[in-house]
Amino acid sequence: MKVSLHKKPNSDVHFEAENALGHKIEIYNSTAPDPKAPSPMELILMGTAGCSSIDVIHILNKQNLKVEDLNVEVEGFRNDTDPKVFHTIKLLVKLEGEIPPNKAKRAAQLSFEKYCSVSKMLDQTVDIQYQVELNGILLE
């Protein structure tokens, strides 16, 4: 896996990263006035949500359960002192579809605790907490 990054012209806080397939994403310093793109720390939250979503859908599809919709709300909590790393990340996985509640919960558990490379990489230093909402009902 390889990516490259370059500074956008006329800015010291705006960058563009590109992967080996040519897919690009812009990155911006979140403390700059009027940020034009996600910050590196926001990309970590997005990556965690994306990684777990891929897992959850894959796990449920293997059980012939169709996910009609999936949304993930993510909130990261950072230290007050430098480096301002995340100490806690909370995720709410919202699923829609005819999915048994126990299967929805198990898919999320497998993702966050076993398969999601991003959350597994982070969980050595970050408290990752997740909940599952199925068809508008928060699962306990």
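This report describes the domains, sheets and helices of a predicted model.

## Domain arrangement

The domain assignment divides the chain into domain 1, residues 1-38, and domain 2, residues 40-139. Their C-alpha centres are 25 Å apart. The contact between them draws on 5 residues of domain 1 and 4 residues of domain 2.

About 370 Å² is buried between domain 1 and domain 2, and carbon and sulfur atoms contribute 80% of this area. On the side of domain 1, I25, I27 and P38 account for 81% of the area buried against domain 2, more than any other three residues.

## The three-stranded sheet

An open sheet is built from 3 strands in the order β1-β2-β3, with antiparallel pairing. Its edge strands are β1 (3-7) and β3 (24-28), each of which pairs on one side only. On average, neighbouring strands of this sheet are turned by 25° against each other, with direction ignored.

Strand β2, residues 14-19, is joined to β3 by 5 bridges, and the two run antiparallel. The bridge partner of A17 in β3 is I25. I25 is also one of the three residues that supply 81% of the area that domain 1 buries against domain 2.

Strand β2 also contains N19. With a relative accessible area of 29%, N19 is partly exposed, because this value falls between the 20% limit for buried residues and the 50% limit for exposed ones. The C-alpha atoms of N19 and K2 are separated by 6.3 Å, although these residues are 17 residues apart along the chain. Leaving aside neighbours within four places in sequence, N19 is in contact with K2 and V3.

## Helix α1

Helix α1 covers residues 40-62 and has 23 residues. From its first C-alpha to its last it reaches 33 Å, close to the 33 Å expected at 1.5 Å a residue. After α1 comes N64, whose phi is positive, near 60°.

The buried residues in α1 are L45, T48, A49, C51, S52, S53, D55, V56, I59 and L60. Several of these positions can be read against the helical repeat. An α-helix has 3.6 residues a turn, so residues three or four places apart point the same way. The cover over the buried residues of α1 includes β4 (69-78), β5 (86-96), α2 (101-115) and α3 (117-122).

Among the residues of helix α1 is S52. It is buried because its relative accessible area is 1%, under the 20% cut-off. Not counting residues up to four places away in sequence, S52 touches S111, F112 and C116.

In β7, L138 is the bridge partner of E133.

Terms used: Residues numbered from 1 in each chain as written. Predicted model: local features only at pLDDT ≥ 70, side-chain atom pairs only at ≥ 80, totals over all residues. Heavy atoms only, no water. Pairing = 2+ DSSP bridges. Helix = DSSP H or I, 4+ residues; strand = E, 2+ residues; numbered from the N terminus. Axes fitted to C-alpha atoms, helices over the stretch in contact; angles between N-to-C directions. Expected span 1.5 Å × (residues − 1). Buried < 20%, exposed > 50% of the residue type's maximum accessible area, 1.4 Å probe, protein only. Contact = heavy atoms within 4.5 Å. Domains from an automatic or database assignment. Buried area = accessible area lost by both parts, 1.4 Å probe.
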